[in-house]
Amino acid sequence: MNGGKLLKFLISFLVIGQVLGFVLKNVFLTTYSGLILTVLLILWYLISTKRIKAFHLTVLFILLFGELFEFFNTENVIKSQIIIQIGIFVLVFYFLYYNHKSFVYNSRDIFTLVLGTLLYTVIFFLAYRVLKEGMEDLHLLGFLHLLLLYILLVVGGMHYVNIRSEKSLWFFLSMLNFAFGDYMWLIDTFYLESYELKILMLVCEPLAMIFLVNYMVAKSLKLKSDEFEGF
């Protein structure tokens, strides 16, 4: 087993370890699995990429910094977590700019994007309406948080439908899992605390980071052709 396969095995093991730690009420296992997982993802990026980019490392280290908040018991930890997430998503906009290509859609592409965007728009406004009262003085930060996720996921979907490359797929899947994970975290924090949501978050958040690293190391190949239409 080479180093890359060993890292993938350890990463998968730590994702499972986080969930098991929560189910077994082992705070040590849950917290340290998340921290070590992020460190291993940074290491995986370093050994998998052909060219290390400072911007990629910056995003990954901010994700690591966010994990470190598990070790601190500060009064404004929720506000700090929201600000960190906003900072990450602002930086991730660079990826959309860097990979932008002219949009060329067929009729099925347009139908897919319109339907998906409408459904997500309804979810976005319903979620904010439900969460606004519970957020109190954090509602503006919460709105910005949700808005950034909304734009990233919608535009990420537009890029994937337009390009249909491995790289655009990884980005879309990363944003999808970030959106699911953060929506569930906000609902669990400000509206209704849920055991099931916490378990789902422990799956979505690591997957989002794994897909983001896959995006960083994947090649920029355009797979869409006139002969391949639809999904």
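Student: In this predicted model, are H3 and H8 roughly parallel or roughly antiparallel to each other?
Tutor: Start with the packing angle. H3 and H8 pack at about 170 degrees, with their axes 11 Å apart. Angles over 145 degrees count as roughly antiparallel. The two helices are therefore roughly antiparallel.

Student: Which residues in H8 do the H3 residues meet?
Tutor: Take the H3 side to begin with. It brings His56, Val59, Leu60, Leu63 and Glu67. On the H8 side, they meet Met209, Leu212, Val213 and Met216.

Student: Where is glutamate 67, and which residues is it in contact with, leaving aside neighbours within four places in sequence?
Tutor: Glutamate 67 sits in helix H3, residues 54-68. Leave aside its neighbours within four places in sequence. Glutamate 67 is then in contact with Gly34, Leu35, Thr38 and Met209.

Student: How far from glutamate 67 is the nearest side chain of opposite charge?
Tutor: Glutamate 67 is buried yet has no salt bridge. A salt bridge needs the nitrogen and oxygen within 4 Å. The nearest side chain of opposite charge is lysine 198, and its distance is 15 Å.

Student: How many salt bridges does a search of the whole structure find?
Tutor: One joins arginine 164 and aspartate 109, with the closest N and O atoms 2.6 Å apart. Another joins aspartate 188 and lysine 198, at 2.9 Å from N to O. Lysine 198 also pairs with glutamate 193, at 3.2 Å between the closest N and O atoms. The search of the whole structure finds three.

Student: Are arginine 164 and aspartate 109 buried or exposed?
Tutor: Buried means under 20% relative accessible area. Arginine 164 has 7%. Aspartate 109 has 1%. So both count as buried.

Student: Which helices hold aspartate 188 and lysine 198?
Tutor: The side chains of these two residues meet in a salt bridge. The pair ties together parts that are ten residues apart in sequence, because aspartate 188 lies in helix H7 and lysine 198 in helix H8.

Student: Is glutamate 193 buried or exposed?
Tutor: Glutamate 193 is linked with Asp188 and Lys198 in a network of salt bridges. Exposed means over 50%. Glutamate 193 has 62% relative accessibility, so it counts as exposed.

How values were computed
Residues are numbered from 1 along each chain as its sequence is written. This is a predicted model: local features need pLDDT of at least 70, side-chain atom pairs count only at pLDDT 80 or more; totals for chains, interfaces and linings use all residues. Side-chain values use heavy atoms; hydrogens and water are left out. Buried means under 20% relative accessible area, exposed over 50%, partly exposed in between (1.4 Å probe, protein chains only). Lys and Arg count as positive and Asp and Glu as negative; His and the chain ends are not counted. Contact means heavy atoms within 4.5 Å. Axes are lines fitted to C-alpha atoms, for helices over the stretch in contact, and angles run from 0 to 180 degrees between N-to-C directions. Angles under 35 degrees count as roughly parallel, over 145 as roughly antiparallel, 65 to 115 as roughly perpendicular and the rest as oblique.
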